[in-house]
Amino acid sequence: MPLKVAIIIPTINRSAFILRQIEYFILTDSQHSMYIGDSSSESERTKLKEEIAKLENKFDINYFEYPNLNGQDVIKKLMRKIKEDYCIYMGDDDF
């Protein structure tokens, strides 16, 4: 069984970046899981949730809304939700 890693991404108003990341992991047939903690504005959260709903059957996406939380607090909350033995952090502004 291949090693499965949780990918933790806190985000704020970067839905296009998150969608590009999801599409990349789908194209590469990644077996890892993505945990998204979204502190975006309501309109950005709505847009991202709608797009994730279209893709979630193609990739293991775990989406959580955390309005008004900073990145560090979102990371702490996401770490409590992961099921995998290992995780990595990816910032929404990292390339």
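**Charges on the surface and in pairs**

Modeller: Lys76, Lys77, Arg80 and Lys81 form a positive surface patch. A patch joins like charges within 9 Å, using residues with over 30% relative accessible area and no salt bridge. The model is predicted, so local features need pLDDT of at least 70 and side-chain atom pairs 80 or more, while totals for chains, interfaces and linings use all residues. Residues are numbered from 1 along each chain as its sequence is written, and side-chain values use heavy atoms, without hydrogens and water.

Colleague: Is Arg80 buried or exposed?

Modeller: Buried means under 20% relative accessible area, exposed over 50%, and partly exposed in between (1.4 Å probe, protein chains only). Arg80 counts as exposed because its relative accessibility is 65%; this residue lies in the loop between α3 (71-79) and β4 (86-89).

Colleague: How many salt bridges does the structure hold?

Modeller: Side chains of opposite charge can pair when their charged atoms come close. The criterion is a side-chain nitrogen of Lys or Arg within 4 Å of a carboxyl oxygen of Asp or Glu. The structure holds five salt bridges. One of them joins Asp60 and Lys4 at 3.4 Å, N to O. That pair links distant parts of the chain, 56 residues apart: Asp60 is in strand β3 (residues 60-65), and Lys4 is in the segment before β1 (5-11).

Colleague: Which salt bridge do Glu44 and Lys47 illustrate?

Modeller: Their side chains meet at 3.0 Å, N to O. Glu44 and Lys47 are separated by about one helical turn because they are three residues apart in helix α2. Glu44 is buried at 16%, whereas Lys47 is partly exposed at 40%.

Notes: Patch = residues over 30% accessible without salt bridge, like charges linked within 9 Å, V, L, I, M, F, W, Y side chains within 5 Å. Areas by Shrake-Rupley, 256 points an atom, 1.4 Å probe, with all protein chains shown as cover. Lys, Arg positive; Asp, Glu negative; His and termini not counted. Charge placed at Lys NZ, Arg CZ, Asp CG, Glu CD. Helix = DSSP H or I, 4+ residues; strand = E, 2+ residues; numbered from the N terminus.
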